[in-house]
Amino acid sequence: MITIPINILLVDDEKDFVEMLSLRLTENKESVFSASNGKECLEIIEKNSIDVIILDLKMPGMDGIQTLKEIKARSPLIEVIMLTGHGTAETAVDGMKLGAFDYLLKPCDFDILMQKLDAARKRKEDQEERIRQAEAKLLLRRSGVI
Amino acid sequence: MEDSKLLIVDDEENFRNAIVRRLKKRGQAVIEADCAESALSIMANDSIDVVVSDIKMPGMDGLRFLKQIKSRYPACEVILITGHASATDGVSGIKEGAFDYLTKPIALDHLINKINHAREKINRKIAEEKDAIFKESIRQKMIATERLASLGTLSAGVAHEINNPLAIINEACGWMKTILASDKMKDIPRKNDLDKALSKIENSIVRVRNITHHLLQFSRKPDNIISDVNINQLINETIQFLNKEMTSKNIQILVKNKTNAIVIGSDPAQIRQVLLNVMTNAIHASYPDETIEICISNQNKGVYLDIKDKGEGIPPENLDKVFEPFFTTKAPGEGTGLGLFVIKGIIENLKGKISLTSQLGQGSQCSIFFPCLYQKE
């Protein structure tokens, strides 16, 4: 069975964590980009096609929630899974109200992370598929077929 | 100290009788003794707050008697009486701790004045001691509260600092496991040992993670977990829980239900804590063999509870203070004064209201409103 890798962007100021998790995800045949702050994250999504962002909530400079707002303003279809090392589940829930897909507490169980990544990618693909169909209908209507 | 008595000690019977008679006329409770030795045996049995003693007495004299009193009953005040020519004895008496001295012949008003002053001093000392005990108990509570708060901050900090490196260990370990599981690594030597070591690391990470996540929970204010709350059922559970307290005072709880089983959306665990506290208060306030009434009614998309006891009630000046932290009328150590303060916090967190009305001698009524916290679709 051929699985298409998920394009994941990992955003965390803890560089060792980013390195280890990206190596692990890559070993699991996913395609991983990484950023150590919100600004880098926004630059990467401009230039690359990203499906899911794993975003740390506590970062110096632009924090997780701010970064999330920027991501959703620029590329609303990218799904975001938030990571929190703190007991700040409230912040994570606020994040979900702002459009994040889900959140996980650090350190997270890898199987659960993979499930959430798959679910997030599926939601993005479903949404993109609906958009394609809507566009196709629109084209057909314009060309007078229907 | 209201029933404490005055003790007059003098070997001269006439003088003693005259003074005692006149003091009694002025409404003083007086006991008399003809020597220091019998005075001390009276003091061993009776509650004496002020001693008026002659200095010159056969056997134990007034100054030695004073020393005995001060070592056995430090709270007792002593007024010495000296002969007209021996004021120096009086002065040395004061040095030994006497309240004052009077010189014979004695003006009764003067003596009564001195006795009153001595009693004022005693009362002042008692008030100061009470105040010191009260302040100390407050200080202890503050320390406990601060300790709890800083424990929360500390554990949250520690948990956070541990979680980040733990996450790195977790991903590094997971990465190695993935590598070892790949086809290329199938035949490497001692693969089983490596797998074993990695799964030990993995299990330990789970253990540490459970600890840090618990610490974080402890330091957080509780999240409201909103679900169906059956108020009647919760009240019945609470009554069962308080059964022992109720039977020991022979108190009945009468639940008046104006509607049938009321279900609202709120946090059952927090409501249970409120009910337990408020109903315990009602039981403590009630006189034995009385009935506590609980009225439940369903209004404004929520539930109103009125808990009525027939206890002694709360004086109006205290009614405003009952929700303040550390306010209690119980003896130090018996109540923290935090019960209603915490309860009010919980109720406000659940968007509810609590109020208290009371009439002295007739009882108190605690009214609580819990709204339904389900969002209407």
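This is a predicted model: local features need pLDDT of at least 70, side-chain atom pairs count only at pLDDT 80 or more; totals for chains, interfaces and linings use all residues.

Student: Why is B:Gly83 called partly exposed?

Tutor: B:Gly83 has 13 C-beta neighbours inside 10 Å, and because a residue is buried only with 20 or more and exposed with 12 or fewer, a count in between is called partly exposed. This residue, B:Gly83, sits in the loop of chain B between strand S4 (77–82) and helix H4 (87–95).

Student: Which residues does B:Gly83 touch, leaving aside those up to four places away in sequence?

Tutor: B:Gly83 touches B:Lys56 and B:Lys104. As for B:Pro105, it lies 22 residues from B:Gly83 in sequence, while their C-alpha atoms are 8.0 Å apart in space.

Student: What makes strand S3 (residues 52–56) of chain A largely enclosed by the rest of the structure?

Tutor: Of the 5 residues in S3(A), 5 are buried, and therefore the strand is described as largely enclosed. A:Val52, A:Ile54 and A:Asp56 point one way and A:Ile53 and A:Leu55 the other way, and all are buried. In a regular strand, side chains alternate between the two faces of the sheet.

Student: How do you know that S3(A) pairs with strand S4 (residues 79–84) of chain A?

Tutor: Pairing requires at least two bridges, and S3(A) and S4(A) share 5 bridges in the parallel sense; A:Asp56, for instance, stands opposite A:Leu83 in S4(A).

Student: How many bridges join strand S1 (residues 7–11) of chain A to S3(A)?

Tutor: There are 4 bridges, and these two strands run parallel, with A:Ile8 having A:Val52 in S3(A) as its bridge partner.

Key:
Residues are numbered from 1 along each chain as its sequence is written. Chains are lettered from A and ligands numbered from 1 in the order in which they are written. Two residues are in contact if their C-beta atoms, placed from the backbone, lie within 7 Å.
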